[in-house]
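User: I'm new to this one and would like to learn how to read it. Could you walk me through it, one feature at a time?

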Amino acid sequence: MADLKLEGVAKSYGDVQVLSDIDLTIASGEFIVFVGPSGCGKSTLLRMIAGLERISGGTLQIDGQRMNDIPPSQRGIAMVFQSYALYPHMTVRDNMAFALKIAGQSRDQIREATDRAGKMLQLTPYLDRLPKALSGGQRQRVAIGRAIVRDPKVYLFDEPLSNLDAALRVATRIEIAQLKASMPDRTMIYVTHDQTEAMTLADRIVVLAGGGIAQVGAPLELYERPVNEFVAQFIGSPAMNLLPGKVTAVGDMTTVALDGGGVAQVAIPTREGDQGMAVNLGVRPEDMRETDGDAIFEGQVDLTEALGEVTLLYFGTNQDSVPVIAKLPGIHTGLNGKTVRLTADPHALHLFHDGQSLLYRDGADLPPYRPRTTAAAGSVGGADGAASMPGRSDTGDDRIEGGTIKPEGPAR
Ligand SMILES: Nc1ncnc2c1ncn2[C@@H]1O[C@H](COP(=O)(O)OP(=O)(O)OP(=O)(O)O)[C@@H](O)[C@H]1O
Ligand SMILES: [Mg+2]
């Protein structure tokens, strides 16, 4: 069991401030994933937790004990890196045993620990092989095995799967999920650039940006309730569209007239004084669907990308502005050059003012997050005349109690 508490943690290299004011509490047994743009400080934060990097300011506590000046070997932590760097002349078993030998453990203890790790990682048949006789995924599992044999309280992973090809990454990701499930009281912190890994592995995702934490939350909470435009566009792929407009009617349901000519009904409450407010309407590509009625967005399709499972429609690719993207389930052909009218469910829309979500304006009033479940799809393909009815929602009230189901990552 190990909980971590970071208070005002900061890191600078000389004059360059990389991270500041990092406040984060991680419960024992949690699986935390750090995401953020390249260079935002994910590895730095992980290395400070491990003790491989000095903490410039603030405090790090593990189980209530201040760790800032405790050496890495005494923190109860093991770290797995992207480059697994196994000893090439040692067998799998000896690679895993190395740290235990250094620590002076007995032959029996070492044998038991390596047997156990080998079994957990399905490496038993390979224990006497050299690393060169293993696949990339098996080598990465040996690297994880080197961490497991030490039985740390906290596991730190820095992009452990990014050297693997796509199929191995999926397989190893599932193995890591199973590994975590088999060690429910071990705390794991995992850095990745892979959205699917973040969405599927994390209990909570920490989005790092601009030297600080942009948002912390359950994966689907970040997807459905991003606190600002950065998180809105960082989580989800392709990124959320942001369409500028003005509030034209306030109330529990807000009406937004978009600069591009469309109109949107949004299930986010606004007040009297918000009339005329400049906003960005956030609409995810996958939430858009064709309509014959009122459209949020109408445009000529410049480009389509047919992926089989979905078809991506790009609008405005020749203009200076960021293209608008729609993602329609299934296969759609012959749309290039056609004008398409798109709408979305009012409950799936987001409103930002000065980059911040209007949902969080009255932070204290925000009800606890519960995932919005999706009713049967089938409204795509232009046949859904009723889809643009303001206020109509086939999803908004149909929620499942958070935690009672394992939320699935969004399709992408
Ligand atoms: N030893 C160092 N001296 C000076 N600057 C450093 C040092 N190590 C890292 N940095 C800077 O700190 C910032 C954060 O680096 P870090 O490696 O933590 O980023 P990251 O989020 O892990 O990025 P990536 O996703 O590319 O791995 C970067 O701007 C980097 O250039
Ligand atoms: Mg890094």
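Predicted model: local features only at pLDDT ≥ 70, side-chain atom pairs only at ≥ 80, totals over all residues.

User: Is alanine 278 buried or exposed?

Analyst: The idea is to count the other C-beta atoms within 10 Å of a residue's own, and 12 or fewer makes it exposed. Alanine 278 has 11 of them, so it counts as exposed.

User: What about the whole protein? How many helices and strands are there?

Analyst: The protein has eight helices and 21 strands. Its C-alpha trace spans about 75 × 45 × 40 Å along the principal axes. Out of 412 residues, 37% count as buried.

User: Which residues are around ligand 1?

Analyst: For a ligand, list its shell and then see which elements supply it. Around ligand 1 you'll find Tyr13, Val16, Val18, Gly36, Ser38, Gly39, Cys40, Gly41, Lys42, Ser43 and Thr44. Strand E2 (16–26) and helix H1 (42–50) each supply at least two residues of that shell, and H1 gives the most, with three.

User: How many of the shell residues are nonpolar, polar or charged?

Analyst: Sort the shell around ligand 1 by residue type and you get four nonpolar, six polar and one charged.

Notes
Residues numbered from 1 in each chain as written. Chains lettered and ligands numbered in written order. Near = placed C-beta within 6 Å. Helix = DSSP H or I, 4+ residues; strand = E, 2+ residues; numbered from the N terminus. Nonpolar A, V, L, I, M, F, W, Y, C, P; charged D, E, K, R; others polar. Buried ≥ 20, exposed ≤ 12 C-beta atoms within 10 Å, placed from the backbone.
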